[in-house]
Amino acid sequence: MHSLVQKMRTMSPLPVCRVSSPLLSAVLLMSSWCVQSLRVGVTPKDPLMRLGERRQLWCQVQDCPVTPKVSWSLLGDRPLTASVFTNSTQSVLTFDPVMMEHEGTLLCRVTCGEDSRQVKTKVHIYSFPSAPVISGQDQLRLGAESTLTCRVPDLYPAELLTITWLRGDTILQSIVGDSGSSSVHSEYKFTPLKQDSRANITCRAALDLQNLPEESRTRETTVLLDVLYSPVITTISDPVLVRVGSPFILNCSADGNPEPFISWSFRTSSGLLVPLDVGSHLVFDSVSPAEAGWYVCQAENTEGNQTATLEVTVQGPPTNTSLSVSPGEEVVEGQRVMFTCRSDGAPPTTLVLRKQGVELQRSNTSSSSSMIFFNFSHALPEDSAIYQCEASNQYGSQLVTSSVTVRAHPLQVKVSPQVSAAERGHHLVLTCRASGCVHAPTLTWRRTDQNQILQRMQKESGVSLIELQNLDLQDQGGYSCVAECDSVSRTGYTQIQVYSFPSNPVLEDPSPVLLGQEVDLHCNVSNVLSDNPMRIQWLSGNRSLKSESFRFSGSLLNISSVLQHRVEEDQQILTCRAELLMEDGDVWRTRSTTVRLQVHYPPRRTTLSVSPGEQVVEGQQVMVTCHSDGAPPTTLLLMKDGVELQKSNSTSSPILTFSLASALMGDSGQYQCEASNQYGSQLVTSAISVRAPPRNTTILVLPSTVVQEGQNVTVCCRTVSFPPSAVTLKKLTNGTELHSPNGTFLLVNVTARDSGLYQVNVTNNLGSEIKVFSIIVRERSTSLPFGLSAVIIPAACVAAGLAATALILDYLRRSRKKGFYQLPQSAPPSA
C-alpha cells in the first residue's frame, strides 16, 4: 500500500485517472486523499490561562483517513507537563493545574501517513486572584505622619499592574508593578486631620492584559480611616446645691478615638478617690448629706486621659439623729448612766435632751459640734422614764426616744422544763430555780388552773423541786413557781401534757391465707391519748399500703384500723406502725408490730430432670429427680408409664430422687412426676430412651444351609439393639454385598456358584456384631420318582411353613418384653 501511494504521488493527474484495472480498487479507496490535503488547527488561538486553573487545548485533524500521530511540545526544548488524549480527529492537551512553565509558544505536530503538518500557538499565563489588601488604616494618629499600605499578592505579570489610591473620584497616587515580582505594593503617606476620621479611601488595582475580560481586569478595596486621638472633656455639670432627698444627675461627656471610657469617683476629705460608677451620667435618686463633696469625672482611652471636678453641696433637715444609753436601757439601781444625743444636718443642727418632756440640756448654737452628753452618777428607780433627743435647723427637726428602766432588784426565777410531754403512769420532776437574791428566797408552787398551793418553802439554795408520781390525766395543765425576795416577786410557768401510748399495736394474723385471696387484717392500739393526732400506717417492707389518722377528745381511746389486702406474694411480711405526731406533723413517738403471713398455694414450678440426659447408653447410671414448690408442702409421686416407682412424704424434702444403677433397654419409657397438695396438683413428663449396641444376633437359613440347585434360600437375621441396626449380607468369596431394611434376604434359584461362606454384619451407632455361616448348593440329581417327589415337596413346604410360624411366634414373644427390638423377618417382594 505504501508503494502504491508513492507511485500515485509521482504520477501526473491525467495518468492517475488512467490507472490500470489491478489498481482501480485502491485508487477508488484513496480518491478522497487524492482530492483533499491534510488540515490541522489549534483552538483556542492565543489562549489566556489563569494560573492554577484547569484548561484544555484541542489540536484538530481533518482529512486524514488513518489514525494520525499527534505530538505537543514547547519551543526551546522545555519539558511539557500536561496530559494528552488523542483519537482519530483530535488531540486534547490538558493543563491541570496551569503553571508558569506552560507560558510560551506551543507546537502541535501531526503526521498522517507520509504527510505531516504543525501548528503554533502562543500561550499567555496570568494570576490575579484577589482584591488589594490595605493595612495601617487603624494605626492613624491625629497630627502624626502615617503610612497606608496597599498590597496585591500572587500576581503575574506584575509589570502590567497599576495601583491607584483614590479619595472619592480624586486620584491621590499611582504606581506600576516591577517585572519579575510576584506581588505589588504601594505606600501612601499623609498627616491625618480630625475630619479624616471615618472617611473612605480606596486602593484600585488594574491589570492591563490583552484578551482579559473587562470585569476581571480591575479589583479595588475601600476602607474607613480610623484616626486615633486622646480624650477631651467637652461638657461637665456646674457646681450643685441641692436639698437632701432630692434627685439630680451629674453629666460629663468627652470626645476621643477610641471612644473614651468615662468614670466617676468621689474625693474624700483625705484626698482619697473612691470609685462610684461608669458612664456619662451619675444619677442620684435621693441625695443624702453624706454625699456632699467633690466629684471627679475622668475620660480615658488608649491615647490618654483627662479629668474634671465639681462640688456638690447638700442641705436639709437633721438626719441620723440617735440617743444612746450606756450601759443600756435597763440598769440596776446605783449604776452610772451616760446619755449621748447626736445628729447630722446642713446647716448644723441644735440638739435638746429631755426627760418626759422636761429639758435637761441644750447644745450651743455657735458650736459646730453635732452631739451633747448627759449622765447620772448614781441611778435611782425614779430615773426610769422616756428620754428624748431632738435635733433641728431651718429645714426641719427630728426626734428620737429611749425608754430607760432602773431595776430595783435583780431577782430572777426559772422553771424547767418549760413545756413537758410526760407518759401516763410515769413520774415527772419540776424544778424552780431563783437567783439574784442575797438571802434564801421563798418559793411557792401552784396549779394555775385551780389556784391551789402545792408546796411553799424557803430554800437557801434557791432551788425547789416538786415530783409528780404515777401521772394521770388529772395531772396535766399549768404550773407556776413564785419566788419572793425583799418584797419583790417573780413568777415562772410550765405546762404539762400527759399522753398515753403504753403498748405495741396488736396485729391479728389471719393465716393461713391462699395466694391471690383478699383478706381483712386488723390492727388495734389500746389506751391511747395525746393532744396531737395518731397515724396508723400499713407497710409491706418499705412500701406503704394504707395510712389513716385519728384525733383524741381528751380521754383514752382504743384505736382500730382494718386493711383489706390481696395476697400476691408467697413471702408476705406486713407491718402495722402507730405514730404519735407533733403539732407540725413530724413523728414524735412510734410503735410497730410485724407479722409474717402463712401463704398457701397449689404446686408450681414442678420439674423432672434426668441425669445425664433423656438418652442414655445401656449400663449407665441414671438419676431421675422430681422437684416441686407448694404450700403446704407437696406430695411427690414418680411413675413410669403410669406405674408408681416412688412416693414422697408431704413432710419431707420437696425433692424426690430415683436412681437406675445400670440402665437397661427395658427401662426406656415415659417417666412422670406428679406434685399435689390440698389445693391442686401438677404433672410433668420426660421420655427416657436407653440405647444399646447389637447383641444376641441369630441367623436362620431356610429351608436349610444345604440346598439343591434351583431352590430359593431365605436368610433371616434377628438381633437386640437400639436404635435399630442396619443389616448387611456379604459373600466372602467374591465380596458381593446385599442390604436389607428388615434383616431378611432371599436368594432365588441358587446354583453351585452360590455355595460358600457368608457374613452378616449388624451395625448401629453404638457398635456392631458379625455372624458367619455357610451355604452348600448341591447339583440337581436325577429326578425322583413321581411319587417320591410328590411326598418331598409337600414335606419341604410344610417344614418351611412350620419354621416361619415358629419365627413369628418367637418374635411376638420377644416384642412383648420392654426394650426388645427384632428385625422383621418377612420376605421382601423380590431379590
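A residue is called buried here when its relative accessible area is under 20%, exposed when over 50%, and partly exposed in between, using a 1.4 Å probe and the protein chains only. The model is predicted, so local features need pLDDT of at least 70 and side-chain atom pairs count only at pLDDT 80 or more, while totals for chains, interfaces and linings use all residues. Residues are numbered from 1 along each chain as its sequence is written, and side-chain values use heavy atoms, with hydrogens and water left out.

The protein chain has 831 residues, and 37% of them count as buried. Its secondary structure comes to 6 helices and 61 strands; these are DSSP runs numbered from the N terminus, with helices (H or I) of at least four residues and strands (E) of at least two. Contacts are heavy atoms within 4.5 Å. Among contacts with a separation of 6 or more, 62% join residues 24 or more positions apart. By the Shrake-Rupley method with a 1.4 Å probe, for which only the protein chains shown count as cover for residues, the chain exposes about 45300 Å², and carbon and sulfur atoms supply 50% of that area.

N677 counts as buried because its relative accessibility is 14%. Leaving aside residues up to four places away in sequence, N677 touches Y601, P602, P603, G630, A631, P632, P633 and T634. With P632 there is also a polar approach: a polar atom of the N677 side chain lies 3.1 Å from the backbone oxygen of P632.

Aromatic side chains come next. A pair of aromatic rings is described by the distance of the centres and the angle of the planes. Rings of Phe, Tyr and Trp (its six-membered ring) pair if their centres lie within 6.5 Å; planes under 30 degrees apart count as stacked, over 60 as edge-to-face and the rest as tilted. The structure holds 12 such pairs. The pair of F339 and F374 is tilted, because the ring centres are 6.3 Å apart and the planes stand at 45°. This pair links distant parts of the chain, with F339 in strand 26 (residues 337-346) and F374 in strand 29 (residues 371-376), 35 residues apart. F339 is buried at a relative accessible area of 0%, and F374 also counts as buried, at 18%. Elsewhere, F248, F266, F284 and Y295 form one aromatic cluster.

Conventions. A polar contact is a pair of N or O atoms within 3.5 Å; within protein, one must be able to donate a hydrogen and the other to accept it, and residues adjacent in sequence count only if both atoms are side-chain atoms.
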